[in-house]
Amino acid sequence: MPDASADRTGPALSALLHETRQFPPPAGFAAQANAQPGIYEEAAADPLAWWERQAEHLQWEQRWDRVLEWDLPYSKWFVGGKLNASVNCVDRHVAAGIGDRVAYHWVGEPEGDTRDITYADLKDLVAQAANALVELGVEAGDRVAIYLPMIPEAVVAMLACARLGAPHSVIFGGFSADALASRILDADARVVVTADGGWRRGTASPLKPAVDAALEQCPDVRSVLVVRRTGQDVAWHEGRDHWWHDLVDRQSTTHEAEAFDAEQPLYIMYTSGTTAKPKGILHTTGGYLVHTSTTHRLVFDLKPERDVFWTAADIGWVTGHSYIVYGPLANGATSVMYEGTPDAGGQDRWWRIVEQHKVSILYTAPTTIRTLMKWGEELPAAHDLSSLRLLGSVGEPINPEAWMWYRTNVGRDRCPIVDTWWQTETGGILISPLPGITATKPGAAMRPLPGISAKVIDNDGNEVGNGEGGYLVLTEPWPGMLRGIWGDPERYQETYWSRFPGYYFAGDGAKLDDDGDLWLLGRVDDVMNVSGHRISTAEIEHALVGHPRVAEAAVVGASDATTGQAVVAFVTVKGEVEGEEGEALVRELRDHVATVISPIAKPRQILLTPDLPKTRSGKIMRRLLRDVAEHRDLGDVTTLLDSSVVSMIDEKMRTGAASDDE
Ligand code: WTA
């Protein structure tokens, strides 16, 4: 491996050590699959013509003149074409006579709190919300921040923005007021859509207070639209705040949608990078919609007339954007949308949902699969899961044990598994088996999709051979690719296009096995993947040093059996700390990170140390800290300023002196 950190991800590493098994595509599947043999060759022969044919599945107000304009690193797709994303997701299905089809079986967290929304219902709701946003002064190009739980209004608000050509920026409901404020400011959003709160494991957890606190730092936000979800008391800011049920419900259900340029910004999604400041990933309309709908149709083999598709992810992340909202709706699919956690109302909640709604395609993250595994195979076994026909995984490398458990206990050895690799930046899936065509191996994402060109290269940019590892790069543009980082073109160039000139550098390590199939190995940069969430080490360090007692902090991602990676922080404090005071401070610092960023960023462990291991030039030796955090042998530490520091830290870790596990 060119970089030692590339092979550090526990599950991925164990994947490579595992004896590789292979499962051919099930015979019954292939005959009726959406992707037919020859598709790879067909796309490879003329990728642009192939993408152009996929674009014909959408409704364009005006056809494009050119498929691609490529001025590295900026691409424009379907140049000159005009369309409206919301019309493509909703209106055209109603016009085609399938208005009665359920778009969402929405399942609220409280038992029995469910709602079926047809395409016809959705059309009315989106038109009303669009009219309400217009009343609040929203125009094409304006940014709207959305901070909502997993309720239908989240989809409606996104589509209403898309309908107006106003890019939305959905911020995950788990983010704190500070994280929310920095995103609102960066996007310069003028309107925020939120709720009083949402349900989380049986309790009403508030959202509006975080918005109120955030907006103290965001004077330019003029309107807040508030959904009543839990009925909690909320503070009210007259003139600025509007109840959704007052403003939206009284609007007309008719709204004439304007067709926008294919490159009209559709949304900004913030994601962690290698610095403390999150990156606003920009996606536009035409190419993104082509990419998400095509991959949704081919990778999940979607049959819209009979499938029930369930992406068990949050709308606050890209997986929700592409495979709860845009891909499925563009394809006229019926989806399940579930508000709560997998154990709300019992650890068999998911299996009850699958059984009740006859879910046929389930898409989730390895971390959740490992959690379900821990809860025991008796739970899925006690339910009728015979409706399932395809399973998907996303967000992090899937270890073979979890893959096999998923296949046996959920798929009952019948359902193919698609391990899909992609990123916020890629907009949609790029590497995955195609069910019915590609064989699958537990832990491998197998091969780039038709129309996608990826390579694994070494440090010098040379392609590696079979059996070798290196860096994953994309060598040609693709329709769903990001169009830049909001307001920061230099960072865009620097982050993705400078390491290997001419190629998009994904930041992931990868390996080709002896058959030439692709295995993803995890991040090779300072971005961690905790429970499928991308978290920046720098962002947590920044939060820690913002605490008055902290002098210096170094954060690393250590392997974790359930969450893939876990956050471990090494902290030097100002002044003396001893005994119980240290324990209290560790607790305080963990809570501090949760408050400043989000509970998802809370360190699993914080180690208080008098010093941090540094090189002679003063750089913190993160690799060493990762070794320490994972209890590995330390190897050569002669470049250390003071090697006793490391031995001391290592000693503390081994004896568990500084751990604060929950
Ligand atoms: C990781 C989520 C291995 C990877 C859609 C990537 C994966 C990051 C896989 C993007 C997979 C995602 N196998 N690793 N199937 N899918 N990743 O932006 O490190 O939240 O760079 O997008 O997740 O995370 P993001």
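Guide: A polar contact is a pair of N or O atoms within 3.5 Å; within protein, one atom must be able to donate a hydrogen and the other to accept it, and residues adjacent in sequence count only if both atoms are side-chain atoms. This is a predicted model, in which local features need pLDDT of at least 70 and side-chain atom pairs count only at pLDDT 80 or more, while totals for chains, interfaces and linings use all residues. Residues are numbered from 1 along each chain as its sequence is written, and side-chain values use heavy atoms, with hydrogens and water left out.

Visitor: How far is an oxygen atom of the ligand from an N or O atom in the side chain of Arg534?

Guide: The side chain of Asn529 has an N or O atom 3.4 Å from an oxygen atom of the ligand. For the side chain of Arg534, the distance to a ligand oxygen is 2.7 Å.

Visitor: Which residue meets Arg534 in a salt bridge?

Guide: An automatic or database assignment divides the chain into domain 1 (10-506) and domain 2 (527-654). Between domain 1 and domain 2 the count is one salt bridge, that is, a side-chain nitrogen of Lys or Arg within 4 Å of a carboxyl oxygen of Asp or Glu. With N to O at 2.9 Å, the partner of Arg534 is Glu425.

Visitor: Which helix gives the largest share of the side of domain 1 that touches domain 2?

Guide: Polar contacts link 15 residue pairs between the two domains, both residues being at pLDDT 80 or more. Helices H1 (10-17), H8 (177-187) and H14 (366-375) each supply at least two residues of the side of domain 1 that touches domain 2; helices here are DSSP runs of H or I, at least four residues, and strands are runs of E, at least two, numbered from the N terminus. The largest share, four residues, comes from H14.

Visitor: How many residues apart in sequence are the parts tied together by Arg389 and Asp301?

Guide: Arg389 and Asp301 form a salt bridge, with their closest N and O atoms 3.0 Å apart. Arg389 lies in the loop between helix H15 (378-381) and strand E19 (390-394), and Asp301 in the loop between helix H11 (286-299) and strand E16 (308-311), so the parts tied together are separated in sequence by 88 residues.

Visitor: Is the peptide bond from Leu72 to Pro73 cis or trans?

Guide: Most peptide bonds are trans. Pro73 is found in the loop between strand E1 (66-71) and strand E2 (74-79). With omega near 5 degrees, the bond from Leu72 to Pro73 is cis.
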